Amino acid sequence: MEASSSNPRRRMPEEAKAMYLGTALGLIALGAILAFAVTFEMAGINISMVGVILMLVGIIGLFMELTRWGPRRRTGEREIVRERDVLS
């Protein structure tokens with residue numbers, strides 16, 4: 001097993017970071033639809049309040065993604081790979 005696989009501060013792949021951002025935006029959109037566009041009523045549940053809660057969770061997730069988890073680039077630790085011709 002590699003030593004880097006047990007490192008808890010390892011970098012996330014770009015797809016995983018995009019998933020957090022997409023989830024936050026999806027929650028905001030779904031919450032806005034439920035809060036402002038749906039007129040359906042259910043006994044015991046306020047659909048508009050569920051929409052507002054989803055929008056708040058999405059906004060918090062978006063804020064966390066952009067401020068805390070977003071800036072993960074490390075400028076000093078880039079690996080430069082140069083291709084060379086193989087001499088035979």
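**View 1. Ile59 is found in helix H2.** This is a predicted model, in which local features need pLDDT of at least 70, side-chain atom pairs count only at pLDDT 80 or more, and totals for chains, interfaces and linings use all residues. Residues are numbered from 1 along each chain as its sequence is written, and side-chain values use heavy atoms, leaving out hydrogens and water. Helices are DSSP runs of H or I with at least four residues, strands are runs of E with at least two, and both are numbered from the N terminus. Ile59 has a relative accessible area of 47%. That makes Ile59 partly exposed, a class between buried (under 20%) and exposed (over 50%), with a 1.4 Å probe and protein chains only. The C-alpha atoms of Ile59 and Ala24 are separated by 6.8 Å. Along the chain, these two residues are 35 apart.

**View 2. Met64 also has its place in helix H2.** Its relative accessible area is 25%, so Met64 is partly exposed. Between the C-alpha atoms of Met64 and Ala24 the separation is 9.6 Å. The pair is 40 residues apart along the chain.

**View 3. Val52 lies in helix H2, which covers residues 47–69.** Val52 is partly exposed, at 32% relative accessible area.

**View 4. Six residues make a nonpolar surface patch.** They are Met49, Val52, Ile53, Leu56, Val57 and Ile59. The patch spans about 510 Å².

**View 5. The whole protein chain has two helices and zero strands.** Of its 88 residues, 14% count as buried. The chain exposes about 8000 Å², with 61% supplied by carbon and sulfur atoms. Accessible areas come from the Shrake-Rupley method with a 1.4 Å probe; for residues, only the protein chains shown count as cover.

Key. Patches are made of residues with over 30% relative accessible area and no salt bridge: like charges are joined within 9 Å, nonpolar side chains (Val, Leu, Ile, Met, Phe, Trp, Tyr) within 5 Å. A salt bridge is a side-chain nitrogen of Lys or Arg within 4 Å of a carboxyl oxygen of Asp or Glu.
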